[in-house]
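Hello,

Please find the structure below, sequence included. My notes follow it.

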Amino acid sequence: MTVPEATTDRRAKAWAWAAIHAERAALAADLAGLTEREWATPSLCAGLTVREVLAHLTAGASLDAVRWMAGVIRCRFDFDRQVAMRLAEQLGAGPAETLERFRRVTASTTKPPLPVVAMLGETLVHAEDIRRPLGIRRAYPVDVVTLVAEYYRGSDLVVPAKGRVGGLRLVAEDGAFAAGAGALVSGPTVALVMAMTGRGVYCDDLVGDGVELLRSRCPTP
């Protein structure tokens with residue numbers, strides 16, 4: 001899969017949706033056959049289990065702008081409460097139902113009022129929130145993680161990634177991503193993405209004079 005270099009916004013969005021659908025399908029396949037204990041594993045998303053993060057992804061793929069706003073109003077503009085409410089709606093009676101609900105939205109193009117690339121970022125980051133604690137590794141397409149890295153290094157919309165990497169030079173060792181100026185932080189693109197979004201454990205996969213500064217800006221271990 002190659003990112004279109006000069007193309008219409010419609011084609012760029014279609015490319016991003018195709019990447020989202022592929023990543024959802026890969027995650028669903030990776031989670032088939034988990035034990036009850038594995039489903040209850042704490043994820044890298046603070047306070048949530050593997051199963052709960054998957055339900056959160058299902059909620060994001062089931063929530064259009066109208067339902068999102070209705071939930072925000074219902075929760076009196078408490079966005080954390082809205083997230084928890086929508087997660088609970090998609091959790092199901094047990095892990096098998098949680099996974100089945102996620103499978104049903106694999107090809108969904110429904111989304112809250114966010115850019116499509118933000119949805120791709122959410123999909124990839126939360127998939128790693130799930131995979132890393134379970135010891136599951138995925139070789140993500142480098143063009144997909146490069147696009148996500150480019151998005152997060154310039155945005156604080158969903159998470160304060162742009163602010164977190166201020167004063168740092170980020171360089172991918174497995175792809176074309178490079179950004180910023182300052183102390184060097186280098187490593188796999190997916191590790192850069194995860195560290196940018198606050199997952200400090202991924203700093204263990206990075207090298208350079210700026211790694212410890214980046215680690216200090218991450219709220220999670």
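**Sheet and overall make-up**

Strand 1 (residues 168-172) and strand 3 run parallel and are joined by five bridges. Strands here are DSSP runs (E, at least two residues), as helices are (H or I, at least four), both numbered from the N terminus; two strands pair if DSSP finds at least two bridges between them. This is a predicted model, in which local features need pLDDT of at least 70 and side-chain atom pairs count only at pLDDT 80 or more, while totals for chains, interfaces and linings use all residues. Residues are numbered from 1 along each chain as its sequence is written, and side-chain values use heavy atoms, with hydrogens and water left out.

In strand 3, Ala183 stands opposite Leu168. Helix 10 (residues 189-196) packs on the sheet and touches strand 1 and strand 3 (contact: heavy atoms within 4.5 Å). The direction of helix 10 makes about 145° with that of strand 1; axes are lines fitted to C-alpha atoms, for helices over the stretch in contact, and angles run from 0 to 180 degrees between N-to-C directions.

The sheet is open, with three strands in the order 2-1-3 and mixed pairing. Strand 2 (178-179) and strand 3 (183-187) are its edge strands, each pairing on one side only.

The protein has eleven helices and three strands. Along the sequence the pattern is α-α-α-α-α-α-α-α-α-β-β-β-α-α.

Of the 221 residues, 49% count as buried, meaning under 20% relative accessible area (1.4 Å probe, protein chains only). Among contacts with a separation of 6 or more, 59% come from residues 24 or more positions apart.

Regards

Notes: Buried < 20%, exposed > 50% of the residue type's maximum accessible area, 1.4 Å probe, protein only.
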